[in-house]
Amino acid sequence: MSRFLNVLRSWLLMVSVIAVGNTVQSFRDHSFLSQKLYTGTPEYVNGLQARTFGIWTLLSSIIRCTCAIDIQNRTLYHITLWTFVLALGHFLSEAFLYKTAPLTIGVMAPLIVASFSIVGMLIGFQCVVEPQEVVGARQKKRN
């Protein structure tokens, strides 16, 4: 396995652990979201929205951690990449379209993490090898 993929695995694991912390915080006190993320319209943040955000964050964390463990799984790699694309899209839309999340440090952090992760995963994708059975099946189709 390439050195880059090992660094990427560590990054995914670190991001996953941080996301678990954000999940716990979302369940413990919903004002966390109105004070750190959705500061433009804190009145929209309630317990239900915080728990939904927490579950979404936990699911992303599980997917990213699983990818860090099995980084050669191309399907899982794609799904993990999409978790970052969705997170980036969410925070960009909340910041610029809906204006519920102004560009504070609480919003900039996930934007930066998602952006770096997307770039890193796109670079790392060339290091993920195809399983031999897939390569063999393609060769059989050609013959």
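Phenylalanine 53 is buried, with a relative accessible area of 9%; buried here means under 20% relative accessible area, exposed means over 50% and partly exposed means in between, with a 1.4 Å probe and protein chains only. Before I continue, please note that this is a predicted model, in which local features need pLDDT of at least 70 and side-chain atom pairs count only at pLDDT 80 or more, while totals for chains, interfaces and linings use all residues. Residues are numbered from 1 along each chain as its sequence is written, and side-chain values use heavy atoms, with hydrogens and water left out.

I turn to the aromatic pairs. The structure holds five of them. The criterion is that rings of Phe, Tyr and Trp (its six-membered ring) have centres within 6.5 Å; planes under 30 degrees apart count as stacked, over 60 as edge-to-face and the rest as tilted. Phenylalanine 53 and phenylalanine 91 have ring centres 6.5 Å apart and planes at 75 degrees, so this pair is edge-to-face. Because phenylalanine 53 belongs to helix 3 (residues 47–69) and phenylalanine 91 to helix 4 (residues 74–97), the pair ties together parts that are 38 residues apart in sequence. Helices are DSSP runs of H or I with at least four residues, strands are runs of E with at least two, and both are numbered from the N terminus. Phenylalanine 91 is also buried, at 5% relative accessibility.

A further aromatic pair, tyrosine 77 with phenylalanine 125, is tilted, at 5.6 Å centre to centre and 45 degrees between the planes. It links distant parts of the chain, since tyrosine 77 is in helix 4 and phenylalanine 125 is in the loop between helix 5 (105–124) and helix 6 (132–142), 48 residues apart. Tyrosine 77 counts as buried, at 0% relative accessibility, whereas phenylalanine 125 is partly exposed, at 26%. Ring pairs also link Tyr38, Phe53, Trp56 and Phe91 into a cluster.

What lies over the face of phenylalanine 84? Arginine 64 does, at 3.9 Å from the ring centre. The test for such a charge is that NZ of Lys or CZ of Arg is within 6 Å of the ring centre and within 35 degrees of the ring normal.

Next, helix 4 itself. Its 24 residues should span 34 Å at 1.5 Å a residue, and its end C-alpha atoms are 33 Å apart, which agrees. The expected span is 1.5 Å times one less than the number of residues. Buried residues of helix 4 include Leu76, Thr80, Leu81, Phe84, Ala87 and Leu88. The helix's buried residues pack against helix 1 (3–28), helix 3 and helix 5, where contact means heavy atoms within 4.5 Å. Threonine 83, in helix 4, is buried at 8% relative accessibility. Leaving out residues up to four places away in sequence, threonine 83 touches Ser60, Ile63 and Arg64.

Both ends of helix 4 deserve a comment. At its start, a side-chain oxygen of asparagine 73 comes to within 3.2 Å of the backbone nitrogen of threonine 75. Just after the helix, lysine 99 takes a positive phi of about 60 degrees. Lysine 99 sits in the loop between helix 4 and helix 5 and is exposed, at 55% relative accessibility. Its side chain reaches the backbone oxygen of phenylalanine 96 at 3.0 Å. A polar contact is a pair of N or O atoms within 3.5 Å; within protein, one must be able to donate a hydrogen and the other to accept it, and residues adjacent in sequence count only if both atoms are side-chain atoms. How many residues apart along the chain are lysine 99 and glycine 40? They are 59 residues apart, yet their C-alpha atoms are separated by 6.3 Å. Apart from neighbours within four places in sequence, lysine 99 contacts Gly40, Ser93 and Glu94.

Serine 117, in helix 5, is buried at 1% relative accessibility, and it touches Trp11 and Phe84, not counting residues up to four places away in sequence. Helix 1 has 26 residues and reaches 38 Å from first C-alpha to last, close to the 38 Å expected. Its buried residues include Leu5, Leu8, Leu12 and Val15, and among the elements covering the buried residues of helix 1 are helix 2 (31–36) and helix 3.
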